[in-house]
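Dear colleague,

I am handing over the structure below, and my notes on it follow. Please read them with the model open beside you.

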Amino acid sequence: MSDEPDALKRALAGLPGLQDRLVMARLKDGVATIVLEATGLSAEDRAQLERQVRAATVALPDVADTRVAMTAEKRERPIIAIASGKGGVGKSTVSANLAVALARLGKKIGLVDADIYGPSQPRIMGQSGRPELIDEQIVPVPAHGVRMLSIGQLIAPGTAVAWRGPMTASALSNLMEGDWGDCELLVVDMPPGTGDVQMTLTQKWKPAGAVIVSTPQDLALIDATRAIDMFRKMDVPVIGLIENMAGYQCPHCGETSDPFGSGGAQAAAGVMDIPFLGRIPLTLEIRRASDAGSPPAAGDGEEAALFRELAGKLLAQLGQKAGGFHAAHP
């Protein structure tokens, strides 16, 4: 019939949000062929859109079969590497809270736990649910307004990851190339150190910038300097240094002490000409909240305000270095 294509288009016209994505709608010999532009849609959104299209066409008397194809451009999004030259400086806690704080600033954030041998994010973010695999891509799971992937979600708790280089590289690829949908920015919790895993990740996925986490003590700063040197050699801008565990206030007498020293990271940032983003004190609340899977940045206390300020400074530095990525106004 001459009006078959028009009937098909009318049936699709009423679907919300479809007009901007409809590339082609054709009806021939009882087969409806629909081509959609799906850039930026998550696997769940793509599946929902396909179900809507099929539901709209199944009622048409001249349609015996419906074929839905989707095209999508590969989306490039900035990657921020949160790194340290050594373990034990609180890098994973800082990564999780920065990701949550960035999300609360209005950004669509993905968090990648790239520490294959010692994944901490499922515990810190309180999300150990196993992600789905759709169209050969791992679908991140939501946690505190952030989408997250970690190898810790794919293995049994307490299981040692005893993998050689190729298996580690494959695992990293699956995490980094997951179905991040419309995420605007990926925060990557890097493994500690400056070895093969770090260099492979940096070379293949070229971060827009790196944030270095260090305690104030000299030993941590020596290792942080190595991490900074690695990023500089690989042409990745170091957009900030954060001093973690900077001072402890006694909850009984209120006196502040400095078990790891004071001001070392800020002084080192000045010497190396790196922006100093700020200090995070050593507090019982941050430790308790992290162990409980409830990052302080997700709350409304002093710690949340601190991480919010750090996230705003990070975005400002990223906008200067990478061009055009600015903080949202609350």
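**What was found**

Met-24 stands opposite Val-35 in E2. This is a predicted model, in which local features need pLDDT of at least 70, side-chain atom pairs count only at pLDDT 80 or more, and totals for chains, interfaces and linings use all residues. Residues are numbered from 1 along each chain as its sequence is written, and side-chain values use heavy atoms, with hydrogens and water left out.

Strands E1 (residues 22–28) and E2 run antiparallel and are joined by 6 bridges, where strands (E, at least two residues) and helices (H or I, at least four) are DSSP runs numbered from the N terminus, and two strands pair if DSSP finds at least two bridges between them. Their hairpin has 2 residues between the strands, and in it Asp-29 takes a positive phi near 50°.

E2 is also joined to strand E3 (residues 65–71), by 7 bridges and in parallel, with Thr-71 in E3 as the bridge partner of Glu-37. Of the 7 residues of E2 (residues 31–37), 6 are buried, buried meaning under 20% relative accessible area, exposed over 50% and partly exposed in between (1.4 Å probe, protein chains only).

In helix H6 (residues 196–205), the buried residues are Val-197, Gln-198, Leu-201, Thr-202 and Trp-205. They lie on the same side of H6, because they cover an arc of only 125° around the axis, the arc being that of the directions from the helix axis to the C-beta atoms. Asp-196 and Gln-203, on the other side of H6, are exposed, and just after H6, Lys-206 takes a positive phi of about 20°.

With best regards
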